[in-house]
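This briefing walks through a protein structure for a reader who is new to the subject. Look over the sequence and the 3D view, then read the notes below.

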Amino acid sequence: MANKVSNFSDLIQRMTASSCLLHSISAIACDFEDSDSDKNKEEEDHDEEEEEYEIAQNHFNVSWDGAKDEDSAAKERVVELETLMGQVFDAVSAVKRAYVSQQEAHCPWDPNKMRDADMAVVAELRRLGMLRERYRRSSCGGRMRPSAATLREVVAPYEAALEELKTEVKAKQAEVDRLGEKLKTATSFNAGRSKGKSNRRVSGSSTNQVAAAPAVELLEAAMSLVKEASKSFTSLLLSLMRSAHLDIAAAVRSIETASTTTMNNHTAATTFMDSTVGANHAKYALESYVNRKMFQGFDHETFYMDGSLSSILNPGQHRIDCFTQYRDMKAMDPVELLGILPTCRFGNFCFKKYLSIIHPKMEESLFGDLEQRRQVLDGHHPRSQFYGEFSRLAKAVWLLHLLEFSFDPPPTHFEASKGADFHSLYMESVVRISGNGKGSMVVGFPVSPGFKIGNGTIIKARVYLVPKNDI
């Protein structure tokens, strides 16, 4: 019995111990389960971090590669635009050089050089057009990148300058074409060389036929043009003198005193002008002065501008050359001719005569400065109304001179002297006087010379008559 109790106690003790052991084991098991759960969670968090890192790394790599690609494209774009700009500057410089060459071809006129310069200008303008199209194509259909917008701002002034150059080129080309037509008309004889005639427009008169050889009618017509041109220029000069409030009488006295080189009595000349030339007739004294200056040196083949002796060494060829020049020049506008050939013989003739007629003090009084004189001294022909009127007178005298040296033998020109008796065969009065009154009149001063041609024809000299008692 005692053994049973003991066994029962042992059993209870064992169960109690077993219960404690089981409790400890379950607690340990729970601890293990919690530890495993935390470990798994940590592993999952670590995996997520590694995945996020990989994603970020991949995104960074992609962004870096894209940035490198964009930077490379931008550099290529900059290089392309720099190249384009260099080509634009080169093209604009080439246009400038071609345009300068075109201007140089105008003076003196060189048709071959003009044609080459024109082709060069057109070629460079086309090159600029191609560069513009290339620029537009590279700007992505109008959505330009910032660098392209900057380029547009830089190129815009050159495009504007290009348009202006195009306009100037068109205007110059139109002027060249017009002058070319005039030159062609003036120099093309066509049937005139073989048939002896050529239809030309006579400046200041209706269309006439130009003979194949010098004729009296041509000389008479040329002298009439000189008469009209001298009247027109003198009227303009007198009008300017009056507008400048100059003393006309004093100017006339000064002109007469300067022209009376053979007279030693200055007072006599002054008294003569005061008594014979009234305010209404001052224009004749002024015209006399202008014609005297224009006809100085008329007896020499170049107005003594050089020492040429062609009329003596080879008179036949010289006569042909003079008449050819007369025919070439007759239909041309002197202003346009001087614009094309400013330093030709006729241009030098204009320089010399203008400086001879228009004294510096006179020009300063008329215009307030000496600008026209400075231009003439610099070898340029002023584009003014006054100089244009003078150039028409110069052309008329030059044509008359060419005609005179075209005759064989050449006509002789004469001028009435002061105090000479009036002869109706050789003279005509610029002032209307009754027939009975002319017998008591003498030459007060010559106005324009006359000519005597080999066949006996007389072109009368123009004179200003005064009573004998006034001399």
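His-245 is found in the loop between helix 5 and helix 6 (248-259). The model is predicted.

**Backbone at His-245**

- Most residues other than glycine have a negative phi, and most peptide bonds are trans.
- The phi of His-245 is near 60°, which is a positive value in a residue other than glycine.

- Helix 5 has 28 residues and spans 41 Å from its first C-alpha to its last.
- That span is close to the 40 Å expected at 1.5 Å a residue.
- Two packed helices are described by the angle between their axes and the distance between the axes.
- Helix 5 (residues 216-243) packs with helix 15 (residues 385-404) at an angle of about 155°, and their axes are 9 Å apart.
- Angles over 145 degrees count as roughly antiparallel, and helix 5 and helix 15 are therefore roughly antiparallel to each other.
- The crossing of helix 5 past helix 15 is left-handed.
- Sorted by class, the residues in the contact of helix 5 with helix 15 are 18 nonpolar, three polar and three charged.

**Helix 10 and helix 15**

- Helix 15 also packs with helix 10 (residues 315-330), at an angle of about 150° and with the axes 8 Å apart.
- Helix 10 and helix 15 are therefore roughly antiparallel to each other.
- Helix 10 passes helix 15 in a crossing that is left-handed.

- Pro-409 has its place in the loop between helix 15 and strand 3.
- The peptide bond from Asp-408 to Pro-409 is cis, and its omega is near -5°.

- Strands of a sheet pair through backbone hydrogen bonds, either parallel or antiparallel.
- Three strands in the order 3-6-7 make an open sheet, and their pairing is antiparallel.
- Strand 3 (412-414) and strand 7 (458-459) are the edge strands, each pairing on one side only.
- Three bridges link strand 3 to strand 6 (residues 450-452), in the antiparallel sense.
- Phe-414 has Gly-450 as its bridge partner in strand 6.

- Another open sheet has three strands in the order 4-8-5, with mixed pairing.
- Its edge strands are strand 4 (427-429) and strand 5 (441-448), and each of them pairs on one side only.
- From one strand to the next, the twist averages 45°.
- Strand 5 and strand 8 run antiparallel and are joined by six bridges.
- Phe-445 has Tyr-464 as its bridge partner in strand 8.

**Salt bridges**

- Side chains of opposite charge can pair when their charged atoms come close.
- The structure has eight salt bridges.
- One of the salt bridges is between Arg-462 and Glu-287, whose closest N and O atoms are 2.8 Å apart.
- Arg-462 belongs to strand 8 (residues 461-467) and Glu-287 to helix 8 (residues 282-294), so this pair ties together parts that are 175 residues apart in sequence.

Technical notes:
Residues numbered from 1 in each chain as written. Predicted model: local features only at pLDDT ≥ 70, side-chain atom pairs only at ≥ 80, totals over all residues. Heavy atoms only, no water. Pairing = 2+ DSSP bridges. Helix = DSSP H or I, 4+ residues; strand = E, 2+ residues; numbered from the N terminus. Axes fitted to C-alpha atoms, helices over the stretch in contact; angles between N-to-C directions. Parallel < 35°, antiparallel > 145°, perpendicular 65-115°, else oblique. Left-handed = near helix turned anticlockwise from the far one by under 90°. Nonpolar A, V, L, I, M, F, W, Y, C, P; charged D, E, K, R; others polar. Expected span 1.5 Å × (residues − 1). Salt bridge = Lys/Arg side-chain N within 4 Å of Asp/Glu carboxyl O.
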